[in-house]
Amino acid sequence: MRAVRLEAVGSIGLQDVGKPIAGPDDLLVRIEACGVCGTDRHLFHGEFPCRPPVTPGHEFSGIVEAVGADVSGFCVGDRVTGDPNIACGRCVHCHAGRVNLCSNLSAIGIHRDGGFADYVVLPHKQAFILPAGLNPLHGAFCEPLGCCLHGVDLAGIRPGGSVAVLGGGVIGLLTVQLARLAGATTIILSTRQASRRALAEELGATSTVDPTAADVIYAISGPSGLAPGGVDVVFECAGVKETVEQSMRLARAGGTVVIVGVTPQGMKAEFEPFDLLFRELKVVGSFLNPFTHRRAADLIASGAIEIDRLISRQVPLEEAADVIANPPAPGEVKVLVVPGLA
Ligand code: NAP
Ligand code: ZN
């Protein structure tokens, strides 16, 4: 079969490799679609630890082609999505129900072969069935949506509440949609690209801000701003110093800041502890997708999340390495690698 192999930092390409065999607890899944994520680019540049040689790709879904001898509940022909994050189930964090903080966490597409290939081996405990009639491209969005769901769960949005989302990539645009579903009636997105602001307004943002044209703090939380005094919840989904610092100033007194964006390790941001205390801000980190993958799959199956507008382009396996090795094109939201594409 074909697989995109990361041989070493900076070295990636399509290879012919042996078709993998499902172990007794595994499913062999024929990939229908696998999303390219910023993490794949970080792996290529050596900015995220992994063990090459490896096939990246952790946002995948496909069709079960073989079922391991000890697996029940799955059949050949089932459409499945894979939760790539494998917790050990034995460490102190797993025992406390915090599987995303597992001391021995490993991930498909990072530590073992993933979805930029014709087939992936998926432990059945990481697999979730999708409807047979679902658009085959949509299953690739379960993983990023599961991460956004965890952030929204931590935020405690209430019907009628107000939300600001900083960063209009796929994570920000999915979070806008989840905030709408959670009942927020004021949803403000700040992102630099005009095409993303327009898309966000179609997906449920009640207003948008261009951070290059306006003072974001003043435009949102100023006395005549979009949410005078600030918003109930801020989602930081850009992962840059500027937005991390904005997030704490945009939350209203008693509000919550959820840090979803991954900033470079070692980066520092400034905030006033007095402000946190005096305004009783809650600042929480949201990491990965603990126990949210099933719900993400159900949400996508229900059609409640707009997915098609987030797919910028589909590429065959032959073009995947090039997409991963290069920065995203302007306006691009999500690129899907589709092995079945001619
Ligand atoms: P992305 O496409 O890079 O989106 C982030 C966007 O933020 C950028 O594309 C950029 O869009 C915008 N941005 C940059 N500077 C900004 C500024 N000063 N003000 C407002 N917006 C700004 O990435 P993504 O896939 O959506 O992911 C977003 C972040 O979440 C990344 O850091 C990613 O690593 C992280 N992530 C976290 C988890 C988790 O479990 N916590 C899971 C997945 C991803 P414009 O060019 O339009 O400004
Ligand atoms: Zn563990």
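Ligand 1 is surrounded by 22 residues, with T191, R192, R196, S286 and L288 the closest. The model is predicted.

**Ligand 1**

- By class, the shell around ligand 1 consists of 11 nonpolar, 8 polar and 3 charged residues.
- Helix 4 (170-181) contributes at least two residues to this shell, and so does helix 7 (241-250).
- The side chain of T191, one of the closest residues, has an N or O atom 2.7 Å from an oxygen atom of ligand 1.
- L288, also among the closest residues, approaches through its backbone, where an N or O atom lies 2.7 Å from an oxygen atom of the ligand.
- A polar backbone atom of V262 is 2.9 Å from an oxygen atom of ligand 1.
- The protein buries 82% of the 900 Å² that ligand 1 exposes when taken alone.

**Second largest pocket**

- The second largest pocket holds about 360 Å³ of space.
- Its lining is made up of 19 residues, and those nearest the pocket centre are D83, N85, A87, K125 and Q126.
- The lining of this pocket divides into 9 nonpolar, 7 polar and 3 charged residues.
- Strand 6 (85-86) and helix 9 (293-302) each provide at least two of the lining residues.
- N85, which lies among the residues nearest the centre, falls within the range of strand 6 (85-86).

**Strand pairing**

- Strand 1 (residues 2-8) and strand 2 (residues 11-16) run antiparallel and are joined by 6 bridges.
- Within this pair, V4 has L14 of strand 2 as its bridge partner.
- The hairpin of strand 1 and strand 2 has 2 residues between the strands, and G10 there adopts a positive phi near 85 degrees.
- Strand 3 (residues 26-35) pairs with strand 4 (residues 60-67) in the antiparallel sense, over 7 bridges.
- Strand 4 also pairs with strand 5 (residues 79-82), again in the antiparallel sense, over 3 bridges.
- S61 takes part in both pairings of strand 4: S61 is the bridge partner of A33, and S61 stands opposite T81 in strand 5.

**Backbone features in loops**

- The peptide bond that runs from P52 to P53 is cis, its omega being near 0 degrees.
- P53 sits in the loop between helix 1 (38-44) and strand 4, the strand that pairs with strand 3 over 7 bridges.
- E280 is not a glycine, yet it has a positive phi of about 45 degrees.
- The loop that holds E280 lies between helix 8 (273-278) and strand 15 (282-285).

Terms used:
Residues numbered from 1 in each chain as written. Chains lettered and ligands numbered in written order. Predicted model: local features only at pLDDT ≥ 70, side-chain atom pairs only at ≥ 80, totals over all residues. Heavy atoms only, no water. 1 Å grid on protein atoms, 1.4 Å probe; cavity = no way out; pocket = protein on both sides within 12 Å on 5 of 7 lines; lining within 4 Å. Points joined across faces, edges and corners; volume = space filled by probe spheres on them. Helix = DSSP H or I, 4+ residues; strand = E, 2+ residues; numbered from the N terminus. Nonpolar A, V, L, I, M, F, W, Y, C, P; charged D, E, K, R; others polar. Near = heavy atom within 4 Å. Polar contact = N/O pair within 3.5 Å; in protein donor to acceptor, adjacent residues only side chain to side chain. Areas by Shrake-Rupley, 256 points an atom, 1.4 Å probe, with all protein chains shown as cover. Pairing = 2+ DSSP bridges.
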